[in-house]
Amino acid sequence: VMCSRDCPAMECRVLSIQSHVVRGYVGNKSASFPLQVLGFEVDSINSVQFSNHTGYSHWKGQVLTADELHVLYEGIKLNNVHHYDYVLTGYTRDTSFLEMVVDIVQELKTANPNLVYVCDPVLGDHGSMYVPQNLYPVYKNKVVPVADIITPNQFEAELLTGKNISTEKDAVEVMDLLHAMGPDTVVITSSDLPSRLGDRFLVSLGSQLRPDGTRTTQRVRIEVPKVDAVFVGTGDLFAAMLLAWTHHYPNDLKTACEKTFSVMHHVIQRTISYAHELAGPGRRPSPPQLELRMIQSKADIEDPAIVTEATVIS
């Protein structure tokens, strides 16, 4: 599939700056395989290297500093192989690291003005922050303005805009405010808005400015089945899949969202049924049992059966 961004997917190169775990699926482990399966070249910088994600009882490992990030980037640059079509980032705990990411993105955008920066602005959820508070102004004032695609949850979208979402109209206004800050594509990955399909579904919303200069917006609503389990790495998989499917459908947010949310559904369903099988009847699955069934979902990642329909709302 040729994209509007002049690179066939086979030559599309992604710089993914995310965490790495030895065991399991989070950060780069969650993003790389699905992107590679879909034909992208993925260059990974591991912001941390941990034994496993921090939801386990124990974890050990190392954290990459802003200076170490810069050293790795310098090596790429010295060889003059710093041409990227996409940059992808997720969870970060350190302001200087995040500011270095912004510097790198800006420099890569100078080298390739068509570069698309996909950012999951991880700040928190359900009304509380789970990163240090000093990251908030960096995301708001430095990161979001250079991002092209962002995937906040409701709490993060509200925090970044200073506006609460209690109706769909509020959500549209919040997405418009986020567009005004920089990104052309905004997907609010989950919200507390009531679903038309009942309380077993949650509502996600997306908004995309048309690239034709008319500044018209395509907005969609997606009803997503709720799952009674805590998964780690799903946000990282989501951002990677939105990158891939907006690449293949650059002016069709509806289809890109349907593909993305359908991949999520298949991976999560496969994971939950496997976890319950391992845990046994009536027992809650443990973090190791709930690791995403990524490799087993290869066919669904490549060509997802569409199970979530997006509704155009404007």
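How are α1 and α7 oriented to each other, roughly parallel or roughly antiparallel?

**View 1. Packing of helices α1 and α7 in the predicted model.** Helix α1, formed by residues 28-37, packs against helix α7, formed by residues 234-248, at an angle of about 30°, and the two axes lie 8 Å apart. Because angles under 35 degrees count as roughly parallel, α1 and α7 are described as roughly parallel to each other. The crossing in which α1 passes α7 is right-handed. On the α1 side, the contact is made by Ser30, Ala31, Pro34 and Leu35, while α7 contributes Asp236, Leu237, Ala240, Met241, Leu243 and Ala244. Sorted by class, this contact of α1 with α7 comprises eight nonpolar residues, one polar residue and one charged residue.

**View 2. Helix α8 and the glycine that follows.** Helix α8 spans residues 253-279, and its 27 residues reach 38 Å from the first C-alpha to the last, which is close to the 39 Å expected at 1.5 Å a residue. Just after α8, Gly280 adopts a positive phi of about 90°.

View 3. A distance of 9.4 Å separates the C-alpha atoms of Leu108 and Tyr86, two residues that are 22 residues apart along the chain.

Notes: Residues are numbered from 1 along each chain as its sequence is written. This is a predicted model: local features need pLDDT of at least 70, side-chain atom pairs count only at pLDDT 80 or more; totals for chains, interfaces and linings use all residues. Side-chain values use heavy atoms; hydrogens and water are left out. Axes are lines fitted to C-alpha atoms, for helices over the stretch in contact, and angles run from 0 to 180 degrees between N-to-C directions. Helices (H or I, at least four residues) and strands (E, at least two) are DSSP runs, numbered from the N terminus. Angles under 35 degrees count as roughly parallel, over 145 as roughly antiparallel, 65 to 115 as roughly perpendicular and the rest as oblique. A crossing is left-handed if the near helix is turned anticlockwise from the far one by less than a right angle, and right-handed if clockwise. Contact means heavy atoms within 4.5 Å. Ala, Val, Leu, Ile, Met, Phe, Trp, Tyr, Cys and Pro count as nonpolar, Asp, Glu, Lys and Arg as charged, and the others, Gly among them, as polar. The expected span of a helix is 1.5 Å times one less than its number of residues.
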